[in-house]
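User: Hey, can you walk me through this one? I'd like to go over some helix packing and then a pocket.
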Amino acid sequence: WKRANQMSYEHPISQQRVCFIGAGSMAEAIIRGLIQKELMPSNQIYAINRSRPEVLDQLHRQYDIQVTSEPGERKEIVRQANVIVLAVKPKDAKSALQEFHGQLQPQQCMISVMAGMSIATLTSLLPVPMPIIRTMPNTSSAIGKGVTGLSFSSHVTENMRAIAQEIFKSVGEVITVDETQLELITGLTGSGPAYIYHMMEAMTSIAIEEGLPAEAAKKLVAQTVLGAAEMVLQTGEEPSALRNKVTSPGGTTEAALKLMQERNFQDTVKAAVLRSAEKAAEIGKELSQAYSNKK
């Protein structure tokens, strides 16, 4: 990774200092993406944490980024950052930000990867008005195949929008939505991988029960899901059209789909997505009330 610091960078983000408050799996995914896609030099990426210094050490060794858990150094890093990525658990946001009240500035850009926390709630925790970008990435970002929903506060400039889009394009696709749609994005893509895994579990399980070796079953199911997704993306056709192409009248696929229809498969999936979105809204409301009560 160290060669990244000697490269020539042409992206808008390459001149920024990006500081990650929190060093969990999503922070690492983004750090990896920024360096692998050669968007910025590693010596302009910082990760800070109050605990688990071994995690910071691992990030430094693997990606050659700047890290520290020392209080004075943490404050100076935050003060000098152009972009701050808040990647802590929502319940820890207030305490994490309180430490840096003297360092946060209106011209900095705050990016939140915290599920459920609204722009309004985060704004209430900041000592000064700041541009805020709320995001909803998903776990596939860990392999650069994620999808992230972005929403912007009114103070976010066009340059900040471009920088945020570059950051999250480094780990997959990006879609910009109104903040009111972020709960739906949570139900659709944030939780979505689990729905697909659940179906894969069921398909793999029946294959093994019927005598296929476990590894063969796993490979068959995974490749089937991957191929179906790639067909949608590469052909540009609607899933319904591709489904119809596979479904011959009176054939095996039609028999299976009829059974799914009889057992309300589509309605169940719709209800699951909406329930996840509803839960995201509930969590956001709880966070807002909790922080309001602490004032």
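Predicted model: local features only at pLDDT ≥ 70, side-chain atom pairs only at ≥ 80, totals over all residues.

User: Got it. Which residues in H8 meet H9?
Analyst: From H8 you have Ile196, Met200, Met203, Thr204, Ala207 and Ile208. They meet Ala214, Ala217, Lys218, Val221, Ala222 and Val225 in H9. By class, that contact has 10 nonpolar residues, one polar and one charged.

User: And at what angle do the axes of H8 and H9 cross?
Analyst: Roughly 140°, and the axes come within 9 Å. H8 covers residues 192–209, and H9 covers 214–235.

User: Why are they called oblique, then?
Analyst: Only angles over 145 degrees count as roughly antiparallel, and 65 to 115 as roughly perpendicular. The crossing is at roughly 140°, so H8 and H9 are oblique to each other.

User: Is the crossing left-handed or right-handed?
Analyst: The crossing of H8 and H9 is right-handed.

User: OK, switching to pockets. What's the volume of the second largest pocket?
Analyst: About 810 Å³. The second largest pocket has 33 lining residues, and nearest its centre are Gly24, Ser25, Ala87, Val88 and Lys89.

User: Which elements give two or more residues to that lining?
Analyst: Helix H1 (25–36) and strand E6 (132–136). H1 gives the most, with four residues.

User: How do the lining residues divide by class?
Analyst: The lining of that pocket has 18 nonpolar residues, nine polar and six charged.

Notes
Residues numbered from 1 in each chain as written. Heavy atoms only, no water. Axes fitted to C-alpha atoms, helices over the stretch in contact; angles between N-to-C directions. Parallel < 35°, antiparallel > 145°, perpendicular 65-115°, else oblique. Left-handed = near helix turned anticlockwise from the far one by under 90°. Contact = heavy atoms within 4.5 Å. Nonpolar A, V, L, I, M, F, W, Y, C, P; charged D, E, K, R; others polar. 1 Å grid on protein atoms, 1.4 Å probe; cavity = no way out; pocket = protein on both sides within 12 Å on 5 of 7 lines; lining within 4 Å. Points joined across faces, edges and corners; volume = space filled by probe spheres on them.
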